[in-house]
Amino acid sequence: MANEKSAKPLTAITREYTIHLHKRVYNTTFKKRAPKAVKIIRDFASKAMKTTDVRIDPSLNQYLWKRGVKAVPHRIRVRVTRKRNDAEDAKEKMYTYVTVVDTTDFKGLQTVTIDE
């Protein structure tokens with residue numbers, strides 16, 4: 001008997017995560033911090049939602065870059081949404097869309113699944 005795992009089909013879902021950027025961009029050259037933060041968020045969303053097509057909202061990009069290239073926020077709260085790809089020539093059935101969530105304090109925040 002083969003050990004085959006039946007893969008569940010991916011469904012549309014939305015979650016909120018807190019990403020600790022400071023520990024991931026520490027020891028990075030100043031001029032590469034904001035671009036690396038964008039890549040870190042892209043990789044995080046890809047692993048969390050199991051898709052390779054990750055799209056970042058322009059407001060999230062502006063939030064990361066608003067203090068310049070070297071002063072990236074220490075933590076960021078993001079809403080990660082896995083959506084169905086309706087394009088005809090799409091390589092994948094689903095894509096991930098990442099937006100920023102405004103918070104004043106990060107204390108006690110957990111990962112939350114949001115029902116739409």
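Analyst: R55 and D53 form a salt bridge, with their closest N and O atoms 3.0 Å apart; the term denotes a side-chain nitrogen of Lys or Arg within 4 Å of a carboxyl oxygen of Asp or Glu. R55 counts as partly exposed because its relative accessibility is 34%, and D53 falls in that class because its value is 24%. Here buried means under 20% relative accessible area, exposed means over 50%, and partly exposed lies in between, using a 1.4 Å probe and protein chains only.

The model is a predicted one: local features require pLDDT of at least 70, side-chain atom pairs count only at pLDDT 80 or more, and totals for chains, interfaces and linings use all residues. Residues are numbered from 1 along each chain as its sequence is written, and side-chain values use heavy atoms, with hydrogens and water left out.

Across the whole structure, the search finds three salt bridges. Shared partners join E16, R77 and R79 into one network. One of its links is the salt bridge between E16 and R77, at 3.6 Å from N to O. E16 belongs to strand β1 (residues 13–20) and R77 to strand β3 (residues 75–84), so that 61 residues separate them; strands are DSSP runs of E with at least two residues, helices are runs of H or I with at least four, and both are numbered from the N terminus.

R79 counts as partly exposed because its relative accessibility is 31%, whereas E16 is buried, at 12%.

The nonpolar surroundings come next. The largest nonpolar core has 21 residues, and those with the most contacts inside it include L21, I76 and V78; such a core is a set of buried Ala, Val, Leu, Ile, Met, Phe, Trp, Tyr and Cys residues joined through side-chain atoms within 4.5 Å. β1, α2 (33–49), α3 (58–65) and β3 each supply at least two of its residues, and α2 gives the largest share, seven residues.
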